[in-house]
Amino acid sequence: MGMHVPEEIRADAAALIDHHALGRWKPNDADRRVAVALFRFLETGLPLTGEQIRSALAHPAPADPVDERLVRLLHGTAALLDDAPVADGPAGRDAVDHVCLLLDALALSRPAEPSDR
């Protein structure tokens, strides 16, 4: 159930990367917290897991929810990672690589300044 088709995940991650780079999408603090938590996990050298993603998503601040597109993308990625044969294929690895690039970009981004509004 849910979106975990590698091509869809890759396309959504690429779109969010572009929107972030072009300033059309400004991640909020909750988005950044999830990305930083997953980025720190990736820095350990361990492979990303569905459980790791779900754990990171379980802790956003209620007043500042994680962006719905990011939540859908990460839940889809978690489902993909749970399906090892698909996740280990070329399309699955490419999709996860794109999600990791997005997490890197968010984790390393600076909060929007008041003058950016």
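Predicted model: local features only at pLDDT ≥ 70, side-chain atom pairs only at ≥ 80, totals over all residues.
Start by selecting helix H2, residues 29-43, together with helix H6, residues 90-108. Their axes come within 8 Å and cross at roughly 115°, and the crossing is left-handed. Now show side chains. On the H2 side, pick Arg 32, Ala 35, Val 36, Leu 38, Phe 39 and Leu 42; they meet Cys 100, Leu 103, Asp 104, Leu 106, Ala 107 and Leu 108 in H6. Color this contact by class and you get ten nonpolar residues, two charged ones and no polar ones.

Select Val 34, Ala 37, Leu 38 and Phe 41 in H2, then Gln 52, Ile 53, Ala 56 and Leu 57 in H3, which they meet. That contact has seven nonpolar residues, one polar and no charged.

Next stop: the largest nonpolar core, with 32 residues. Which of them touch the most other members? Select Leu 38, Leu 48, Ile 53 and Leu 74. Helices H1 (6-21), H2, H3, H4 (68-82) and H6 each give two or more residues to this core, and H6 supplies the largest share, eight residues.

Leaving out residues up to four places away in sequence, Ile 53 touches Leu 38, Leu 48, Leu 74, Thr 77, Ala 78 and Leu 81.

Terms used. Residues numbered from 1 in each chain as written. Heavy atoms only, no water. Axes fitted to C-alpha atoms, helices over the stretch in contact; angles between N-to-C directions. Helix = DSSP H or I, 4+ residues; strand = E, 2+ residues; numbered from the N terminus. Left-handed = near helix turned anticlockwise from the far one by under 90°. Contact = heavy atoms within 4.5 Å. Nonpolar A, V, L, I, M, F, W, Y, C, P; charged D, E, K, R; others polar. Core = buried A, V, L, I, M, F, W, Y, C linked by side-chain atoms within 4.5 Å. Buried < 20%, exposed > 50% of the residue type's maximum accessible area, 1.4 Å probe, protein only.
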